[in-house]
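These are my notebook entries on a structure that I looked up. I record what I checked and what I found.

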Amino acid sequence: MPEPLEYPKAMLTRATLDACIKCTICETACPVSAVTPLFPGPKFVGPQAERFRDGESVDHSLDYCSSCGACTLACPQGVQIAELNSQARAVMKEDNMPLRDKLIGQTVLMGKVMTPFAPIANAALGNKLVRTVVEKTVGVHRDAPMPTARLHTFQGWMKKHQPPASPRTRGPVVFFSGCAGGYFEVETSIKTVEVLEHLGYEVIAPKQGCCGLAQQSNGLFDEATKSVLKLCDQLRSGGKDLTIVSASGSCAGMLKHEAHEIMGVDEEKLHDVGTRMREISEFLLELHAAGDLPTDFVRNDITVPYHAPCQLKSQGMGMPAITVMELIPGVKVIESGRACCGIAGTYGLKKEKYDIAQAVGQPLFDMVKEKNEGIAVCDTETCRWQIEKGSGVKTVHPIWLVHKAYGLS
Amino acid sequence: MSMDSRAVVVGAGMAGLVSAIRLRQAGMDVTLVTQGIGGIQLGQGTIDVLGYVPERVLGQPLAAVTAYGNAHPHHPYAILSADDVRAGVEFLRALLPDTFVGDLERNYLLPTAIGALRPTALPQVTMAEGECTPGKQMVFVGLRQLKDFWPELVAGNVARTELPGGGRVSTRAAWLDLPARANEVDSTPLYYARAMDDPAYRKRFVDALRRVVEPGETVGLPGVLGLADRGAFADITAQLGQPVFEISTIPPSVPGMRLNDALTRLAKDARVKVVLGSQVLCANIDGGRIRSLTVGTTGRPTEYAGEHFVFAPGGFESGGIELDSYMKVSEPTLGLPLWVPEGDLVVADHNAAQPLFSVGVRFDHDMRVLDTAGDTVHENLHVAGGILAGASRWQEKSGDGIALASAVRAADAILESVQNLEGARNA
C-alpha cells in the first residue's frame with residue numbers, strides 16, 4: 001500500500017519547473033492574481049516557490065490558486081504550473097483539511113439527498129437564514145450559486161425513455177452524464193442523448209458515479225482516485241472500445257488528463273476511458289470533419305455570448321462548441337475571451353474566496369449582460385450556475401442550440 | 001477561394017497570428033495550433049525592421065534592408081525584399097489602425113528602461129514623444145511600488161548620451177508614491193496597466209504627476225498606460241496637458257500585451273480556430289506533402305489535416321530550435337534540416353553576436369523550406385518568423401520586419417498556389 005499522497009510529494013521534486021524561463025506569460029493569464037493581491041500569481045507560487053518547498057510550503061498563498069489552469073494553458077515552455085500547484089496544495093492541506101472541503105467534494109451525495117426533496121431543498125437553498133447558518137457552520141458562502149434540485153434524475157428518465165423507432169444506423173456510444181448532469185442538469189443530459197439518438201446512435205448510459213474532480217481540486221487525492229477508478233469501471237461496463245460522450249466539459253477533462261497528470265493515477269482503465277472520452281461538441285465536430293454530421297438545421301437568428309470553461313480550454317482542443325453552434329444558420333457566437341468565470345469547481349463557494357470568484361467573473365457577467373439576446377452559453381454546469389447568478393441571464397449548454405436546430409425542441 | 005481549402009498554422013507569435021489572419025481573410029479555413037501564448041508580449045511592442053547593421057540605422061530602414069541583404073547572403077533579408085517588408089508592415093498597420101506612428105522612411109530613437117537609445121521603425125502612438133532630439137527636456141517618473149523602472153537610471157543614461165547629430169537631451173528623475181492596488185508594495189507593470197484602465201485611478205495618477213512635473217518637460221513613464229482601455233493614454237495626456245510617453249519594461253511588457261491581445265482577438269473574431277495549449281508532435285507526410293499534423297491534445301492525440309501548413313514556432317528562445325549538451329542543434333517538431341553557421345555556436349564575449357541565434361531553416365521566396373542541396377522539403381510547408389536562418393534578430397532589431405514580411409509572403413504564396421490550381425482546373 002503506498003503512503004498517502006506519495007505521488008504529489010515525489011512530484012514536487014520532479015516537476016517541469018526547470019523548463020520555466022520566467023517569461024511571466026502565465027502571470028498575465030492568471031484571472032485570480034488579477035483581482036486580488038492575496039494570490040501572488042502562478043509563476044511566484046509555482047516554479048519559483050517550488051524551489052523553496054522542502055516537504056512543506058513556505059507560505060500559504062498557494063491556497064488562493066483556483067486551479068483554473070489558465071497558467072498551464074498559456075505557458076509556451078510546457079511547464080505544468082497549475083498541476084504543480086494542485087499537488088503542492090494537496091500536500092500542504094494534508095494535515096489540516098477543512099471539513100467543508102471534504103463535504104463540498106461529495107457531489108453525488110448532494111444530488112442523492114436533494115432529489116427526493118427537491119422543492120424543500122430548493123426552498124432551503126433559497127432561504128437567507130438557512131444559507132447564513134450554512135456559511136457560519138460549514139463555510140460555504142451565503143450568496144454562492146447553488147444547483148437547483150430536480151424531482152427526477154437522468155437515470156430515472158433514461159430507464160423509462162424509449163429511443164426513436166428509426167433504425168440505429170451508427171452503432172452504440174456510451175454517455176457519461178457526470179453527477180451534475182445526473183442530478184441537477186438533467187435536461188442537458190436528456191438533450192444530449194436525444195441529439196445522439198437523432199443522429200442514429202444507440203446510447204448506453206450505465207449507472208455511474210462521480211469523477212472525483214471536486215475532491216481532487218480540494219486536495220483529497222485518495223478519495224478522488226477511488227471515485228475516478230470506480231467511474232472508469234462503470235463507463236467500461238457500457239461496452240469495450242466504444243466512444244464515450246460527455247456533456248460535462250470539466251468532468252471529461254478529469255478523465256482525459258487531470259486524474260493522471262495531477263494525481264498520478266496510472267491504471268490501464270483510466271487510460272482506456274481517457275482516450276475514448278469525447279466532449280459532445282468535440283464529438284460533433286469530429287463527425288463534421290469526416291463529413292458525417294447532417295447540417296439540415298432549422299434557422300435560429302440569435303447572437304449568443306459564449307464562455308468556454310477553464311477546464312474545457314485546458315483540454316487543449318480549442319473551442320469546438322463555437323464551430324458547432326455556428327454551423328446552425330443564423331447563430332452568431334461572441335466568445336467571452338475570459339480565462340475563467342471564477343467558480344472554478346468549488347472555489348467560489350467558499351466563504352473566504354467568494355468575493356474573489358465574483359470579481360474574477362464580473363467582466364464575464366458584464367459581457368453576458370451586454371451581448372445576450374435571452375440566453376448565454378457555457379459547457380460546464382457549475383460555470384453556468386455562476387454565470388446565471390452573476391448576470392441574471394439564462395445560461396445553457398451548447399447542445400441546447402443543436403437540439404433545437406434539429407427540430408427536437 | 002474554395003472554402004474547403006484548409007490551412008494549419010503553428011505558432012502564435014507575430015508571424016503565426018499575422019499569416020493566420022491573412023489566410024482567413026482570403027476565405028480559407030484556418031486552424032492555429034500553439035503550445036502557449038506567443039512571444040509578442042515579451043517584446044517592446046514596437047515594429048523593428050532593422051536597427052543595427054551593426055552600426056545604428058537611422059534613416060531609410062527599407063534601404064538598409066536591401067543593402068544588408070545584399071551584403072549577407074545567408075540573412076532572411078537576402079530573400080525577403082524591402083517590398084516584402086513594406087507589404088508585411090502595411091498589412092499589420094491596416095489590421096491595427098491608430099496603433100503605430102512612423103512611415104518606414106526613418107527609425108525613431110527611443111529610450112529604453114535602462115536609458116539606452118534604441119532604434120525602431122514603428123513605435124506605438126504612446127511612445128512617440130520619447131524621440132530624443134537636442135535640447136529636449138525630459139523628466140522620467142517612476143513609481144515607488146514598481147521595481148522594474150528606475151527613473152534615475154533612465155535619466156542618467158539618456159543625459160550622458162550624445163545624440164547622433166550632436167547635442168543631448170536634458171533629463172531629470174522623479175518618483176510617485178502611488179500603489180496600483182491597496183496594500184501592494186511590489187507590483188508588476190501589468191497591475192499598474194490594469195489600474196490605469198479605471199478613469200478614477202487615472203485621475204489620481206495625473207494629480208500626483210502634476211506635483212512632480214515642471215512646465216516644458218516631456219514626461220517619460222513606464223509602459224503601463226492602460227491595457228484594455230485604449231483611450232487611457234489620450235486621457236492621461238489630455239488631463240496633464242503636457243507631452244507624455246511610455247517606455248516598455250522587462251516582461252510582462254504591457255505595450256506588447258496590447259498588440260498580442262489585439263491580434264489574437266482579430267484572429268478569433270475572424271474565426272481562425274485557435275487551439276491553445278497543445279504541442280505539435282509530428283507531421284504525417286505522403287508524397288512530399290504534409291497531410292496532417294499530429295497534435296498532443298489531452299486524452300489522445302488529434303490529427304489536424306490540411307492542404308497548406310505555415311510553420312512559425314519561433315527560434316531557439318521559443319523552443320522552436322533545440323540545442324543539446326553536445327552542442328548539436330535540431331528542429332524538434334518536424335525534423336527540418338537546419339542551416340548552421342561554421343565555428344562555435346556560443347562565444348564567451350557577451351557583447352559579440354552569438355552564432356547560435358542565426359541557426360534556422362533555409363527557405364525560398366515562397367517561404368518553402370529548402371534542404372542543404374537547395375531542394376524543397378515539403379511542397380505545402382511554408383515557414384515564417386524566428387525559425388528562419390541567418391538573422392541575429394535581437395541584436396539587429398530585425399525580428400518584426402522578418403516576421404511580418406515572411407508571414408505575409410507565406411500566406412500569399414499559399415493563396416497564389418490555390419489560385420493557380422483553380423485557374424488550371426477552370427482552363
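I began with a term: a residue counts as buried when its relative accessible area is under 20%. By that cut-off, buried residues make up 61% of the 409 residues in chain A. I note that the model is a predicted one.

**Entry 1: chain A as a whole.** I looked up the secondary structure of chain A and found 22 helices and eight strands. I then asked what radius of gyration chain A has, and how a compact globule would compare. Along the principal axes, the C-alpha atoms of chain A fill a box of roughly 65 × 45 × 40 Å. I also checked the contacts in chain A with a separation of 6 or more: residues 24 or more positions apart account for 75% of them.

**Entry 2: surface and charge of chain A.** Chain A exposes about 15900 Å², and 56% of this area is supplied by carbon and sulfur atoms. I found 43 positive and 46 negative side chains in chain A. The centres of these two sets lie 5 Å apart.

**Entry 3: aromatic pairs.** I looked up the aromatic pairs over all chains, and the count comes to nine. In Phe154(A) and Trp157(A), the ring centres are 6.0 Å apart and the planes lie at 25 degrees; planes under 30 degrees apart count as stacked, so this pair is stacked. Both residues belong to helix H10 (residues 154–160) of chain A, and because they are three residues apart, about one helical turn separates them. Phe154(A) is buried, at a relative accessible area of 0%.

I next examined Phe140(B) and Phe245(B), an edge-to-face pair with 6.1 Å centre to centre and 90 degrees between the planes. Phe140(B) lies in strand E5 and Phe245(B) in strand E8 (residues 244–247) of chain B, so the pair ties together parts 105 residues apart in sequence. Phe140(B) is buried at 0% relative accessibility, and Phe245(B) is buried at 1%.

**Entry 4: helix H5 of chain B.** How many of the eight residues of helix H5 (residues 189–196) of chain B are buried? I found seven, so described because each has a relative accessible area under 20%. Among them are Pro189(B), Tyr191(B) and Met196(B). The buried residues of H5(B) pack against helix H2 (25–29) of chain A. They also pack against strand E5 (137–143) and helices H6 (199–210), H7 (232–240) and H8 (254–269) of chain B.

Note on methods: Residues are numbered from 1 along each chain as its sequence is written. Chains are lettered from A and ligands numbered from 1 in the order in which they are written. This is a predicted model: local features need pLDDT of at least 70, side-chain atom pairs count only at pLDDT 80 or more; totals for chains, interfaces and linings use all residues. Side-chain values use heavy atoms; hydrogens and water are left out. Buried means under 20% relative accessible area, exposed over 50%, partly exposed in between (1.4 Å probe, protein chains only). Helices (H or I, at least four residues) and strands (E, at least two) are DSSP runs, numbered from the N terminus. Contact means heavy atoms within 4.5 Å. The radius of gyration is taken over C-alpha atoms; the globule rule is 2.2 Å times the number of residues to the power 0.38. Accessible areas come from the Shrake-Rupley method with a 1.4 Å probe; for residues, only the protein chains shown count as cover. Lys and Arg count as positive and Asp and Glu as negative; His and the chain ends are not counted. The place of a charge is taken as NZ of Lys, CZ of Arg, CG of Asp or CD of Glu. Rings of Phe, Tyr and Trp (its six-membered ring) pair if their centres lie within 6.5 Å; planes under 30 degrees apart count as stacked, over 60 as edge-to-face and the rest as tilted.
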